[in-house]
Amino acid sequence: MKTIITVLLITVTTALSAQTKYFTRNGTVTFFSSAPMEDITAENYNATAVLDTETGAVEFSVLMKSFNFKKALMQEHFNENYVESDKFPKSTFKAKIVNMDKIDLTKDGSYPAEVEGEMTIHGVTKSITPEGTIVVKDGAVNLESKFIVKPEDYEIEIPDVVREKIAKEIEVTVLADLEPLKR
Amino acid sequence: MKKSILIILALVLVAGAAIGYYMYNKPVETLESQDAAAEISATALFSEFSENETEAMANYEGKVLAIEGSLIEKMENSDGSTTLILDGGDPIFGVKCRLDPSVDGEAIPAKGEPVRLKGLCIGMNADVEMNQCIIL
């Protein structure tokens with residue numbers, strides 16, 4: 001009897017200490033602004049993301065200066081005038097996947113994820129609830145989400161001169177191919 | 001006389017508009033023609049950032065650096081570009097270098113090999129980050 005309990009305990013502990021943290025350091029965050037005068041895209045391929053599958057806690061962070069634009073002038077205006085990258089170098093999203101218990105990471109499939117969290121851009125923090133998708137395939141966990149960010153919510157001032165070139169609602173797309181955190 | 005002034009004025013306007021258009025649409029330049037402001041090893045850069053981020057930001061952020069280190073990870077990004085992780089002396093984090101999309105894949109050394117590159121230091125986000133990197 002004692003041995004059975006010991007074996008059982010060992011099995012349970014091993015299961016509990018099994019991999020619960022997933023990680024990437026080359027997640028993709030892109031944003032797209034569609035305005036009458038111009039469409040603007042900026043891409044960041046080096047986002048860091050961590051997902052704790054036990055608690056559903058998920059955290060994204062990016063350096064604003066790793067957003068790449070096609071036009072040098074736009075990149076400069078973005079960093080210097082709008083998001084003020086020197087003062088606020090990082091943007092973060094600290095959230096929780098509230099329906100984590102319905103997502104079976106041991107089974108391949110595509111699961112809707114309800115996300116609730118705090119987004120910090122330009123030093124301003126807002127609560128947002130974007131919807132996402134978790135795709136499980138061969139042990140890899142992919143996170144995808146698309147949502148709207150309004151520059152004015154984060155006290156990002158867009159001067160009237162360029163108002164026709166920058167949308168009031170920016171579409172943000174997030175893609176993260178997460179792998180079990182090693183070491 | 002009046003006509004020639006008008007023609008000159010028109011030419012100046014056209015030239016001005018052309019320059020404006022060119023400046024507005026100018027693509028982000030590669031770092032090919034820029035000299036590195038400093039030369040440092042990946043381990044030294046990482047330890048300076050982990051010891052005092054504020055000071056390291058003041059010293060290196062926004063500067064083109066030539067760095068050297070051991071390549072510990074090679075990642076393909078969703079746009080097909082490559083990001084390299086150079087050993088920073090920490091078990092998990094290091095110096096994360098996104099290569100300029102113009103870099104030839106053949107020029108990238110194998111994992112474990114030493115690598116020397118030039119890139120723009122943009123700060124620290126767990127890893128120290130470098131952008132627009134070119135293999136030297």
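The model is predicted: local features need pLDDT of at least 70, side-chain atom pairs count only at pLDDT 80 or more, and totals for chains, interfaces and linings use all residues. Residues are numbered from 1 along each chain as its sequence is written, and chains are lettered from A and ligands numbered from 1 in the order in which they are written.

**Exercise 1.** Describe the fold and dimensions of chain B.

Solution. Start with the elements. Chain B has three helices and six strands (DSSP runs, H or I of at least four residues for helices, E of at least two for strands, numbered from the N terminus). Their order from the N terminus is α-β-α-α-β-β-β-β-β. Next, take the dimensions. The C-alpha trace of chain B spans about 75 × 35 × 25 Å along its principal axes.

**Exercise 2.** Locate Ile108(B) and decide whether Ile108(B) is buried, partly exposed or exposed.

Solution. First, the place: Ile108(B) lies in the loop between strand 4 (94-99) and strand 5 (114-125) of chain B. Then count neighbours. Ile108(B) is partly exposed because 17 other C-beta atoms lie within 10 Å (buried means 20 or more, exposed 12 or fewer, partly exposed in between, with C-beta atoms placed from the backbone). Last, the partners. Leaving out residues up to four places away in sequence, Ile108(B) touches Lys74(B), Thr82(B) and Ile135(B) (contact means C-beta atoms, placed from the backbone, within 7 Å).

**Exercise 3.** Work out which strand of chain A gives the most to the side that touches chain B.

Solution. Begin with the totals: 23 residues of chain A contact 24 residues of chain B. Strand 2 of chain A gives the most to the chain A side, with four residues.

Definitions and conventions: Two residues are in contact if their C-beta atoms, placed from the backbone, lie within 7 Å.
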